[in-house]
Amino acid sequence: MTYHPKSDFLRVMIERGFLADCTDYQGLDEALIAGIVPGYIGFDATASSLHVGSLIQIMMLRWLQKTGGKPIVLMGGGTTKVGDPSFRAEERPLLTPEQIESNIAGIKAVFAPYVTFGDGQTDALMVNNDDWLDGLNYLSFLRDVGRHFSVNRMLSFESVKSRLDREQSLSFLEFNYMILQAYDFLELHRRHGCLLQMGGSDQWGNIVNGIDLTRRILDDQVFGLTSPLLTTSDGKKMGKSQSGAIWLSADLLSPYEFWQFWRNTADADVGRFLKLYTELPVDECDRLGALEGAEVNEAKVRLANEVTTLLHGAEAAAAAETTAREVFERGGAGEDLPTATVTSEEAAAGVSVVQLFVRSGLAKSGKEAKRLIAEGGARVNDEALSDPGLVLAGPAFAEPVKLSAGRKRHALVKRED
């Protein structure tokens, strides 16, 4: 990156590693200096929460607001009605309007700690593309918008070429998606003066389409900016863990489990993640990221505390750290661990340890739990477990039972009184 921006926002994007590409560095830089730039990122409304894979985009919107811009969170309420099949072996199940509305409400709650919503000039907006897509007249849309798209050009985009090269079916619906995303940018510019669309680098083609459409129909200049597609140092997709998606909603993932995800960051990722997911000064991120040996563990604790504080608050971060230290350093069973329950009747009759591992979320199935035991990775109250037929009953539940899968994943089982 050789461009040296004058605007705070672009400087932050470059210094902290958010920026993969931009359609016009100088033009966007000048717009950011000249006044308030509304910028948007689109999100699916297919679940009641976003997960860690979306956090880089959320942080970009946060920095836009912190540097004087106006974040627009675009919810795909309209496009979710037909289900986006892109890059999938099968189409997503279709959701009812009520489910979509409920999901949007859940996602807005996830955004609340990161951006300030309101009616002020730089306050964030949450907008639903159903507002303009639901009432579209198909023939009018084809005439006014569809005529501006070249199929030859659409076929040249990497997301399409990779599908065709693998001889995977590419549906007409997916072509429509490219056009609808471009139309979203045009409508946001019309309705809210939006000048910037941001997204992952896989969205480059869709962003460029929106810029071209806005220029062709309104003769206005708008801009696009992409972030790198983030993987961990071992090549895994960001946001996934052994136990599933790392959700941002406390209803779907406890603050302790969220904290623990960041505490388990690979050594090679610490400095990069501190820059992307915290607001610590860049110099401090570099210093912490350069630590080695036992010292790097304290850098990981700092990362976990900073990221958890942003989302769940300082109290939740402190409680998670306390629990982790109790579990790992003192061999205790911290009260903040994920917890499953058994009824008094179940406790009296006895519950198989395999079932408890599944119920606590440490294993996805009985088969997985048995494999964990066979491989020596399971412990009960810090004692190695070798018998998959073990049944816990009665006095075993007098105190919470601590289950462990490997060295880093733990849960409690408590009896309901």
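Reader: Hello! What kind of model is this, and how are its residues numbered?

Author: Welcome! This is a predicted model, in which local features need pLDDT of at least 70 and side-chain atom pairs count only at pLDDT 80 or more, while totals for chains, interfaces and linings use all residues. Residues are numbered from 1 along each chain as its sequence is written, and side-chain values use heavy atoms, with hydrogens and water left out.

Reader: Thanks. How many aromatic pairs are there?

Author: Rings of Phe, Tyr and Trp (its six-membered ring) pair if their centres lie within 6.5 Å; planes under 30 degrees apart are stacked, over 60 edge-to-face, and the rest tilted. By that rule there are 9 aromatic pairs. Take Tyr40 and Phe185: their ring centres are 5.5 Å apart and their planes stand at 65 degrees, so this pair is edge-to-face.

Reader: Where do Tyr40 and Phe185 lie?

Author: Helices (H or I, at least four residues) and strands (E, at least two) are DSSP runs, numbered from the N terminus. Tyr40 is in strand E2 (residues 38-43) and Phe185 in helix H9 (residues 172-192), so the pair ties together parts that are 145 residues apart in sequence.

Reader: Is Tyr40 buried or exposed?

Author: Buried means under 20% relative accessible area, exposed means over 50%, and partly exposed is in between (1.4 Å probe, protein chains only). Tyr40 has 1% relative accessibility, so Tyr40 counts as buried. Phe185 is buried too, at 0%.

Reader: Which residues form an aromatic cluster?

Author: Phe258, Phe261, Trp262, Phe273 and Tyr277 form one aromatic cluster.

Reader: And which charged end sits over the ring of Phe117?

Author: A charge sits over a ring if NZ of Lys or CZ of Arg is within 6 Å of the ring centre and within 35 degrees of the ring normal. The charged end of Lys108 sits over the ring of Phe117, 4.9 Å from its centre. Likewise, Lys66 lies over the face of Trp63, at 5.6 Å from the ring centre.

Reader: Which residues form a nonpolar patch on the surface?

Author: Patches are made of residues with over 30% relative accessible area and no salt bridge; like charges are joined within 9 Å, and nonpolar side chains (Val, Leu, Ile, Met, Phe, Trp, Tyr) within 5 Å. Areas come from the Shrake-Rupley method with a 1.4 Å probe; for residues, only the protein chains shown count as cover. Here Tyr138, Leu139, Leu142 and Phe172 form a nonpolar patch, with about 470 Å² of accessible area together. Helix H6 (residues 138-144) gives the most to this patch, with 3 residues. Leu139, in helix H6, is exposed at 64%, whereas Tyr138 is partly exposed at 47%.

Reader: How many salt bridges does the structure hold?

Author: A salt bridge is a side-chain nitrogen of Lys or Arg within 4 Å of a carboxyl oxygen of Asp or Glu. The structure holds 17 salt bridges. One of them joins Asp8 and Arg11, whose closest N and O atoms are 3.4 Å apart. These two are 3 residues apart in helix H1 (residues 8-15), so about one helical turn separates Asp8 and Arg11.

Reader: Which residue meets Asp267 in a salt bridge?

Author: Lys300 does, at 2.6 Å from N to O. This pair links distant parts of the chain, 33 residues apart: Asp267 is in the loop between helix H11 (255-263) and helix H12 (270-277), and Lys300 is in helix H14. Asp267 is partly exposed at 46%, while Lys300 is buried at 8%.

Reader: How many residues does helix H14 have?

Author: Helix H14 (residues 295-312) has 18 residues. The expected span of a helix is 1.5 Å times one less than its number of residues. H14 reaches 26 Å from its first C-alpha to its last, close to the 26 Å expected. Its buried residues include Val296, Ala299 and Leu303. After H14 comes Gly313, with a positive phi near 100 degrees.

Reader: Which residue other than glycine has a positive phi?

Author: Most residues other than glycine have a negative phi. Asp219 has a positive phi, near 60 degrees. Asp219 is in the loop between helix H10 (204-218) and strand E6 (223-227), and Asp219 is exposed at 65%.
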